[in-house]
Amino acid sequence: MDSDKAVVSGPLVRAYTYVALAGILVPLFFALILAAKFVWPDFLGTVAWLQFGRLRVFHTNGVIFGWLGVSFFAILNYVIPKLSNRPLLSEKLAWWTLWVLVLAMAVGLGAILGGDMQAIEYAEFPWYGDILFAAGFVMATINYLGTIFMSEEKQLYVSSWYFILGFAFTVLNYVMANTIVAYVAPGAAGAAITGLWIHNAVGLFVTPMGVGIVYFMIPIILQKPVYSHLISLIGFWTLAFFYPLGGAHHYFFSPIPWWVQVLAVPLTAVLFVVVVSVVYNWLMTLRGSWGEVASSPALTFIVTGVFAYMATCTQGPFHAFLSVQKVIHFTDWVVAHAHLALFGAFTYWNIGSLLYIWPKVTGRELVSRRMQWWAYWTMTLGFYIFYFIPLTASGLIQGYDWISGQPFAESVVQSGSFWMFRMISGILMYLGMVLFTIVLIKTACSKKGASHEAA
Amino acid sequence: MKRLERFQTIFLIAGIGFFLLSFLGMGLAPWTTLKGLQLPEGMTARTPEEEQGREIFMQEACWHCHTQFVRPVAGESLRYGPVSTAEEHALEIPQLFGTRRVGPDLARESGKRSDDWQLAHLYNPRGTVPWSIMPAFPWMFEEKDGQLVPTDKARALVAYIQSIGRNTADQMKAANDDYRRNFVAGHAPEKSDALLERGHYLYARECSGCHGKTGNADGISAKLLVPAAANLTKIQPSAEYIYTILNTGIPGSAMPHFRDYKPEDLWAISFYVQTLSPETDIASTGSDMSSSLLERGKQQFAALCATCHGPSGAGDGPVGAALVPSPPAFTKLRPTTDHILKILETGVPGTAMVPFAQLPEEDRQALAYFVRQLSEGKVQ
Ligand code: HEM
């Protein structure tokens, strides 16, 4: 780790991290209002820009691009130079990328609150927001892939495979959603392609970034090599090949041609192989080091995320069984699933990774281990007890209510107390995030001279 | 040589290649099989106003809570209507199938509800559906001379809502008409306290937005419903009458049907609604009663009312049968005297019921007296 100073730019990582923190604290704040509106629908109900629909879109786009996107980049600003053993292709470009992304978020999210959005899930930015975001993303792609390609290292580590795949794929995927889906493909054809977009946004942007980062973090924190190169290969290539083909599973039983839907069933089920291989590889790497996990908040976040990832991707193939799909589709179940992935897995990975990186990019030891544990436990209990379990349950209730032919009212009335739980969970998750933020900021402001934390 | 060992280009090609594979295989291939779809009969292209409404639907993210396709599973065709087809969506760019149902699917919404229901619902969903958690859109309405009027936005949005799935609207309406014509109330269960309590609960949950908490039609939606919701404190209906209306709704008005509820629940509501109007017997008209008054009322009724309300007051007059909304059956409900006098003075805006304010006071008294006789014996 002696070469930290040489290849990694501390200010860059820190600036990205601060933007990412804003990228979660602001959308999560709106999410609290959103959760309250499920319980008291007239809460702040006369303010147009706080209308439920606009807040929901602000929340989803905010956390996916503003938090996950930017925090991935913050971590990549550290990981990619380390893996490539050279500085970023252009540090200046990285700064510009950040400003363009900030502008894109401000413009895009502002437009959404103002009531201007596209009707494409997870791509609701209007065209001018799209162009800004695409510009920022392409700049990031050039910089990160450029760094990897210019590296003099002999081997290309598995993390880098995922990064290259994810960036190359996502540039094209993003353009596809915002041009073809938005303006060209009609009806069922549009839905098939929207399904690809939704699926590939999580499967070939969020997933490879996150998995790549975990492939870096676990071995480096534990100071030991990844368990099996062969399994790494299997996990990677099955993801690359099968994941992009399952998009239609977001529109089962819709007017999309039936053969596409039928194909999507096995193509989704086979993804189980991806996750089992990857997670097995990580767990075998972790074997014998559980003591270290338990004593390190950073590792605990990451490993909890690994289990959440495993759970999410165990749910996923089941969703594709048509008998399950019939019940859970359109319900809170799917919302719980999506949060298990995006919060339970990826957000935890990023928090854990930032906790590991932060001392290296600030030159200070992390403050208050106690506060880190408090952050972990408020988030974890808040999410699992008050979010995941209640919404999974209300999803089942909604699904079976509808099938039973009862009045629609029942599904809403019976969900009421679960939505109340979700509101509580929001407060706890928010609290955890605030604690995490305080840890980072207090560390950055603390006295210099502390040595690197030996994880 | 060094570069080659890293195989980095392979991963780049994989990224681009697998994207193309997925786009070609799972995007373009289904698209080509869908080329050349014709809009089904009755699904005309949208008017500019409907198009504007669709724009608002997208920008307010209504589609985050409402899907627009009926699946062939889970009994959805019973709940919503015919299963969706690709043809119906052939012109939808971008498509609005949706992925989450906080609220019901809207693919078969065309004609399901009256325009005034839709407007009042947009203004505040709790005004028509008290249990609703849908957001209110009050900024699409403005106050003008003490009146609440929808803006062009609200009108465009409702025009769009009424256009969603309009190709099946006639079919759905015909099925509904059939249902209403053939509806038979069947036997009422035994009245009980538990039933009344359930009725009270369901009334508060389903009816209070329009008919008011106490039944006097002062709910949130009062300013927007035409015809106004009936004042349930003044009509003394029979349980069977209410039960029938709850199953059939009143086409031409905002009054929906509630036939998704099980019969027991609807009877419970009916019993409860009966308790909203004070029980008075026929005699207590508040005016002097005499057979001459009754005779006079009878003549006036035959001359002025029977074409619509029917010779016996059953709501089946030659003109009345064709009216939408149809006239009430005085054989099944017994409005209070003051209510009848008020309606004779003002009419019922939004229906064929015109005011009879020019009639001499005495004739109106006589009519009120007569109408209250039409329900056989004591309404129960
Ligand atoms: C291999 C593992 C996974 C499989 C097989 C899978 C499968 C599925 C399926 C079939 C659905 C549709 C459920 C429905 O709407 O009825 C779904 C929804 C969703 N999944 Fe996953 N999933 C997996 C992992 C993930 C991961 C890792 C993420 C996040 C990065 C994720 C995020 C989402 C989101 C956001 C939705 C909701 C989409 C929407 O309704 O708009 N999933 N998943």
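In this predicted model, 18 residue pairs are in polar contact between chain A and chain B, both residues of each pair being at pLDDT 80 or more. On the side of chain A that touches chain B, helix α6 (residues 158-184) of chain A makes the largest contribution, with 13 residues. By residue class, that side of chain A comprises 59 nonpolar, 21 polar and 13 charged residues.

Charged pairs also link the two chains. Four salt bridges are found across the interface of chain A and chain B. One of the salt bridges joins A:Glu410 to B:Arg205, with 2.8 Å between the closest N and O atoms.

The extent of the interface can be given in residues or in area. Chain A brings 93 residues to the contact and chain B brings 76 residues. The size of an interface is often expressed as the accessible area that is lost when the parts come together. Here the area buried between chain A and chain B is about 7400 Å², and carbon and sulfur atoms account for 68% of this area.

Turning to the layout of chain B, the domain assignment lists domain 1 (48-169), domain 2 (183-276) and domain 3 (287-376). Taken over C-alpha atoms, the centres of domain 1 and domain 3 of chain B lie 38 Å apart. B:Arg205, the partner of A:Glu410 in the salt bridge described above, has a residue number that falls in the range of domain 2 (183-276) of chain B.

Note on methods:
Residues numbered from 1 in each chain as written. Chains lettered and ligands numbered in written order. Predicted model: local features only at pLDDT ≥ 70, side-chain atom pairs only at ≥ 80, totals over all residues. Heavy atoms only, no water. Contact = heavy atoms within 4.5 Å. Buried area = accessible area lost by both parts, 1.4 Å probe. Salt bridge = Lys/Arg side-chain N within 4 Å of Asp/Glu carboxyl O. Polar contact = N/O pair within 3.5 Å; in protein donor to acceptor, adjacent residues only side chain to side chain. Helix = DSSP H or I, 4+ residues; strand = E, 2+ residues; numbered from the N terminus. Nonpolar A, V, L, I, M, F, W, Y, C, P; charged D, E, K, R; others polar. Domains from an automatic or database assignment.
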